[in-house]
Amino acid sequence: MKLGKKAMNYKKLLNQQQYQAVTSNAQYLRIIAGAGSGKTRVLTYRLAYLIGEKNINPQSIVAIAFTNKVANEMKERVSRILGGYASLISVSTFHSYCARFLRQEIYHLGYPSTFTILDEDDQNQIIKTIAVEFGLRKNDDIVKIATQYIATSKCQGKFPDDILIKSDDDQTTKDCYRFFVAYENYKNRTQSLDFDDLLLYSIKILKEFPEVREKRRKSITNILIDEFQDTNDVQYELVKLLMNDDTNLYVVGDSDQTIYTWRGANQNIILDLVKVFPNVETIILNENYRSSRQILDVANTLIKKNDKRVPKDLFTNNKEKGCVNTFLAFSKELEAHYVIDNIKNILKEHRDNNPTIAILYRAAYLTLPFEKELISNNIPYAIYGGVKFFERKEIKDVLAFFRLLFNEKDDISFERIINVPRRGIGEQSLRALREHCHEINQSIYEYIQSLDIDDVSVLKPRQTSLLKLLIKDLEKLKTKIKALDSDNCIPILESFLKEIGYYEIYEKDDDSERLENVITLLSDIRDFLKRNPGEGLNEYLQNVTLESAQDEIDDQNKVLLMTVHVAKGLEFDYVFVVNMVEGVFPSEKTMLEHGHDGLEEERRLCYVAFTRAKKALYVTSNQSYSFVLDSRSIPSRFFSEGGLKLAKRSNDSSLFSFNRFQDKRAFSFLKDESGDDEIEEPVKNIRPTNGITDWKVGDICSHLTFGRGVVLEVDDDVLTINFDNVGRKLIRADHISLTKGGRA
């Protein structure tokens, strides 16, 4: 007897590869589902097929999705096909599955089924409480370090009992381990589990209690897993523990879209499945229903450069013409201007059907010029899965410091930075200070400034001393700025932030993105002052306030800005992949830390970005000054790897766009990669060089800013140098700041 509303004509509903993936009788199936190839559709119909055609008991099927949203979507789709039977299927994330499992089985470990599940904020509060118990402060550096240590240990499947601390381990490691032990004791005492525990305790029970393991294995006939390329080692161990020799395993994923290795995803699991299960059947879904042929050509050309992948070529029968445009700008601002100009044209052309438009970038600090251009053109936008530039903590902090230069009564700004960097001023002290200043009708700034060091105060002497030092620094900064021309104030502002220890906050935490946000803000102030002679820092602050005070509305009918990681799984009519600059995308940090594997992950990330586009893809770069290269930025290698050509910039800073698939004759002066075409070379700006052309690996060098270093790699006119004080940097070989001296 067949279940479901009516018999399904799967051949009519699916293409040949999808039909094979849905109806195959293989025990182990690996579905390599390319971007836009209908993987959720295949998973949904597979579930319907197993229940409606193969008469598999819905309660014996375990289906794992990457997010709760996808899990709910799959259940809804199956419900429309099968009716009420869908409610019997278990479609959930790994964590949700384990939470249900533990409610039934955790008594084996002496826990009640009413255990509490801790979220990330709960975890942080526990660790801060432990710090206080240890005689430390909640915001001491060790708190964040210990939090990361615990997370990393659990991602590796380790509890304190699994870690051996040796006498010669450094003190930080010993302190972190001490926090870990106290954290686990706290959870045990309060009968709580964190997210990592849900998987680890489930594994522990399945390993240590054979009767539970066998009961589970007998009750499960089929396991289906979505986004299998993002599975980590702990999750994979759980899957194997739930399987016996008769269990059917069905995994769907794409090795070309593994972009989460930095948080534990192991790409080798999907690649090596054929080694674990030699009789696994692999089916490749390579017909794309999302993008135009032109977009797929670029994506395919790019991803073929990777070694670690299951080979496939995406194709489409979509007859709609699309295009891929590239653009090289002289500056970030002109790049943003080009992008928003094109968006304006798209909105005019499609004003009746509300096209979806996304601006994608590698890192969040890159949004500012695009946000400003959108604001000035009154185009609604939203930061999807992120925070707008002027709403980011570090930007609000820095602006608060600067606002106090012009308004000593600005208590909102003062309270924001009163403990930045930390000055040991807690909520009670701040409340007492606020109430006292209100009583005497003074601002906090005025009150602190009027105090002598020996005066009785609502604050402790040390707190008063630190705040008076801050105000002294602000007063000195105020005097310096008044004595300077507006456009010369940036070095003074930067020096102030360094002297008060603001940069040190993020340098200690190795939080380069927040530092880059601050540098971007200072650069934007500099540009504003240059563009607006006669106006100063105060005018900039006023403009920022007006720009960042927009009313929030729905994300509908908005241009969406997001990182490529956030865009995973989404699709848009028009996609702009911006700031494709070498060292940014691909990320220099990722490549330095992970070498060739890091580059392959960056290439996969770019592939994901390109394949979000349905109708048109725009890929842009700029030649702004780069602190990475200590020179002007150079376009990302991903242009040439994707078969994309960039128009060259002329000497008068005008800009050219180049559409790879249209209007080629308009750019006939451009040199073809083969070198056969004539090219009109732009007039080059003359810049001083060091005259050194014979760099070798091992050469000792000196840089005016970075100090002594050793050359690690020579790549044409770019050197990879390990500097004693700042680590690895990419520097132009002929940069004027660089000198050579001897061999390492």
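**Strand pairing, nonpolar cores and local backbone features**

Strands S20 and S21 form a hairpin with three residues between them. Helices (H or I, at least four residues) and strands (E, at least two) are DSSP runs, numbered from the N terminus. The model is predicted, so local features need pLDDT of at least 70 and side-chain atom pairs count only at pLDDT 80 or more, whereas totals for chains, interfaces and linings use all residues. Residues are numbered from 1 along each chain as its sequence is written, and side-chain values use heavy atoms, with hydrogens and water left out.

The largest nonpolar core has 50 residues, and Phe-402 and Tyr-502 have the most contacts inside it. Helix H24 (residues 512–531) supplies the largest share of this core, seven residues. A core here is a set of buried Ala, Val, Leu, Ile, Met, Phe, Trp, Tyr and Cys residues joined through side-chain atoms within 4.5 Å; buried means under 20% relative accessible area, exposed over 50%, and partly exposed in between (1.4 Å probe, protein chains only). When residues up to four places away in sequence are not counted, Phe-402 touches Leu-493, Leu-497, Leu-522, Ile-525, Leu-537 and Leu-541 (contact: heavy atoms within 4.5 Å). A second, separate core comprises 44 residues, among them Ile-106, Tyr-111, Leu-193 and Leu-238.

The structure holds 15 aromatic pairs. Rings of Phe, Tyr and Trp (its six-membered ring) pair if their centres lie within 6.5 Å, with planes under 30 degrees apart counted as stacked, over 60 as edge-to-face and the rest as tilted. The Tyr-10 and Tyr-49 rings have centres 5.6 Å apart and planes at 80 degrees, so this pair is edge-to-face. Because Tyr-10 lies in helix H1 (residues 10–13) and Tyr-49 in helix H3 (residues 39–52), the pair ties together parts that are 39 residues apart in sequence. Both Tyr-10 and Tyr-49 are buried. Phe-401 and Tyr-502 also form an edge-to-face pair, at 6.1 Å centre to centre and 80 degrees between the planes. This pair links distant parts of the chain, with Phe-401 in helix H17 (residues 393–403) and Tyr-502 in helix H23 (residues 502–508), 101 residues apart. Phe-401 and Tyr-502 are both buried.

Two charged side chains lie over aromatic rings (NZ of Lys or CZ of Arg within 6 Å of the ring centre and within 35 degrees of the ring normal). Arg-178 lies over the face of Phe-134 at 3.7 Å from the ring centre, and Lys-740 over the face of Trp-695 at 5.4 Å.

The peptide bond from Val-420 to Pro-421 is cis, with omega near -5 degrees; Pro-421 lies in the loop between helix H18 (411–417) and helix H19 (427–439). Phe-585 and Pro-586 are likewise joined by a cis peptide bond, with omega about 15 degrees. Pro-586 is in the loop between strand S13 (572–577) and helix H27 (588–610), where Asn-579 is also placed. Asn-579, although not a glycine, has a positive phi of about 55 degrees, and it is buried, with a relative accessible area of 4%. Glu-227, in the loop between strand S6 (222–225) and helix H11 (233–242), has a positive phi near 50 degrees. Glu-227 is buried, with a relative accessible area of 12%.

Notes. Pairing = 2+ DSSP bridges.
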